[in-house]
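Subject: Structure handover

Hi,

Here is the structure I promised to pass on to you. Have a look at it first, and then read on for what I found in it.

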Amino acid sequence: MKRYYITTPIYYVNDVPHIGHSYTTLAADTLARYKRLQGEKVFFLTGTDEHGQKIQKAAKSVNLTPQELADKVVSNFQRLWKKLGITNDFFVRTTDDYHVKCVQEAFEYIYKKGDIYKGEYEGWYCIPCESYYSEIEIGEEKLCPVCGRKLDLVKEESYFFKLSAYEDKLLKFYEENPDFVIPNTRFNEIKSFVKGGLKDLSITRTSFDWGIPVPFDDKHVIYVWFDALLNYVSAIGCRKGEFDEIWPADVHFVGKDILRFHAVYWPAFLMSLDLPLPKHVVAHGWWTVDGKKMSKSLGNVVDPNEMIEKYTRDAYRYFLLRNVPFGLDGDFSERELIERINSELVNDFGNLVNRSLTMIEKYLDGVVNMPITVEDDSLAKLGKSTYENVVKHMDIFRFDEALIDIFDYVRAVNKYITEKEPWALHKQKKSAELNEVLYNIFSALKFIAGVISPFLPDSSAKMLEMLGLNDIGSYNIEFFLDFYNVEQAKVEKKTILFERIEQRKEESKKKEKRISIDEFFNVELRVAKVLEAEDVEKSRKLIKLKIDIGEEKPRTLVAGLKEYYKPEELVGKLIVVVANLKPAKLMGIESNGMLLAAKDGENLSLLTVEKPVKPGAKIS
């Protein structure tokens, strides 16, 4: 059986790990855990990229050799992955002997095939990105289109890879594999880039020596990206026949800034090496912090070590995977993290576990028994349909959507408890019905512990222990999907899953951020009447409104109301909107304005007016 092969990019050792590194690695770890839960054999690879001019310069600035710097920084990544509970099967380093040998063998193979030739290169080069860029890409200021730094004009002897010879082959491959790059918007960018014409790629350097020497010309070191990309095969055996059980990779997780290397150069190298191509390259976006670009100068770089110490690693995992659709840019806000912990992890999830185990201990002395007959299997049916949805989402790497469905199920179990009223059944001494209800709740918790385990492994392990079940490693998803396969279990409420986070610090910050009366008057609030309302297709949250705001033509406004209102409930309402916001596009629809609403936990209420007034009336 072929293993399911998952990779992260190998991280460049010129800095300490930050939120972006942890995001990619947590996504890969979640997928690896999910595939293992399904009973698949998984090979999960991560590691570090340790060659190149950038490393040589960084090492010199701190009076270290490049190898000493690499060894020092690598340990930071390895320690963090251990803290985060990352379950990688191997950690590759590009300075290790097996990798060096593999890169040299691959270079020689392609050279003998005729796809590498010697020439001279002159172009605009970005040292931090280890990349050349064309005149079209860099503009008059000669700045790197990726990092914005100044480019150097470099001229040197070089070996070239015949990338231009693979243009048609790549386009044909893209056509035959429409889900090769995810999301599709990124794939379109890649296809457009290749259709624009490919130039041969300089793949060696003579201007520095911190790299893998060309096997037959030690004046040259191999270009860091040719070197780095080959980690995906060097880590599993390097030669055809040695890694057939693992290769090709099922998914490469990468940041959007390195997508071109993985979706253009890497497939071309593999074609030249006569190797199969990966099945998917999944590119995620960049993270900002409170709406600002993350940078050392602003002092807003998010340290994963600090976050998991303050909020637990499950809470950190949950926020990163739930808050942003994988593939889009994300914004990290500690305030939003605390809100999600308190609302979803504490109020919904933690409260369900706590109240359920309390009732089982109180009413059944902690022992649940499988009912002789089952009158109501609604939670079992809903669990199976929930998991079917999770599978669909995970097949396209939508971690956020999978978590939304799982937490919808959590709320459904809370609703089941409210409707069945076990406390009333106990008072009425309806023991058979009480046992069935509590067994169904127990089985629902068992299902949640299983389906949530790839995302929140620590919480899952705690739940299984409290449910009187063995460690999750001994089960696959079939065990959790079968609601009636535990004859008897002894539960014990030993701990709480999540603690509520006090927001005093956040509130004090808010108090400090007072605005002037002039700033307030810059916000134009008006009354608007909802004329029409309809769901936005393919969105779980958005409703499109047509509103009368006292202008000649109605406006379109898009709002996240689907979880709280049906479209027909909104028509005719007088609502309060911010009228002078710049337009914004949501799901391709231009929204002109923002409505105001109050939210308390899971309750949301639109702000309106006490008495009927004309649409467009100003609020002061």
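The buried residues of helix H18 are covered by several elements, including helix H1 (19-37), H12, helix H13 (334-364), helix H17 (431-451), helix H19 (477-481) and strand E19 (488-490). The residues in question are Pro 457, Ser 459, Ser 460, Met 463, Leu 464 and Met 466. Do keep in mind as you browse that this is a predicted model.

Helix H12 spans residues 313-323 and H18 spans residues 457-466; their axes come within 7 Å and cross at roughly 125°. The two helices are therefore oblique to each other, since a crossing angle counts as roughly perpendicular from 65 to 115 degrees and as roughly antiparallel over 145. On the H12 side, the contact is made by Arg 313, Asp 314 and Arg 317, which meet Pro 457, Asp 458 and Ser 459 of H18. By residue type, this contact divides into one nonpolar, one polar and four charged. After H18 comes Gly 468, with a positive phi near 75°.

Now to the parallel strands. Strand E13 (residues 251-255) is mostly covered, as five of its five residues are buried.

- With strand E1 (residues 4-7), E13 pairs in the parallel sense over two bridges. Ile 6 stands opposite Val 251, and the bridge partner of Thr 7 is His 252.
- With strand E14 (residues 281-284), E13 also pairs in the parallel sense, over four bridges. Here Phe 253 stands opposite Val 282.

Helix H10 (residues 259-272) belongs to this picture too: together with E13 and E14 it makes a right-handed β-α-β unit.

What about strand E1 itself? Tyr 4 and Ile 6 point one way from E1, Tyr 5 and Thr 7 point the other way, and all are buried. E1 also runs parallel to E3, joined to that strand by four bridges. In that pairing, Thr 7 stands opposite Leu 45.

E3 covers residues 42-49 and holds a residue I would like to point out, Thr 46. Is Thr 46 buried or exposed? Thr 46 is buried, because its relative accessible area is 0%, and the cut-off for buried is under 20%. Leaving aside residues up to four places away in sequence, Thr 46 touches Thr 8, Pro 9, Tyr 11, Trp 81, Asn 88, Phe 90, Phe 91 and Val 92.

Finally, there is an antiparallel sheet to look at. Three strands form this open sheet, in the order E10-E12-E11. Strand E10 (204-205) and strand E11 (213-214) are the edge strands, each pairing on one side only. E10 is joined to strand E12 (residues 217-222) by two bridges, and these strands run antiparallel. Thr 204 has Ile 222 in E12 as its bridge partner.

Happy browsing, and do write back with any questions.

Best wishes

Notes:
Residues numbered from 1 in each chain as written. Predicted model: local features only at pLDDT ≥ 70, side-chain atom pairs only at ≥ 80, totals over all residues. Heavy atoms only, no water. Pairing = 2+ DSSP bridges. Buried < 20%, exposed > 50% of the residue type's maximum accessible area, 1.4 Å probe, protein only. Right-handed = clockwise from strand over helix to strand, strands pointing away. Contact = heavy atoms within 4.5 Å. Axes fitted to C-alpha atoms, helices over the stretch in contact; angles between N-to-C directions. Parallel < 35°, antiparallel > 145°, perpendicular 65-115°, else oblique. Nonpolar A, V, L, I, M, F, W, Y, C, P; charged D, E, K, R; others polar.
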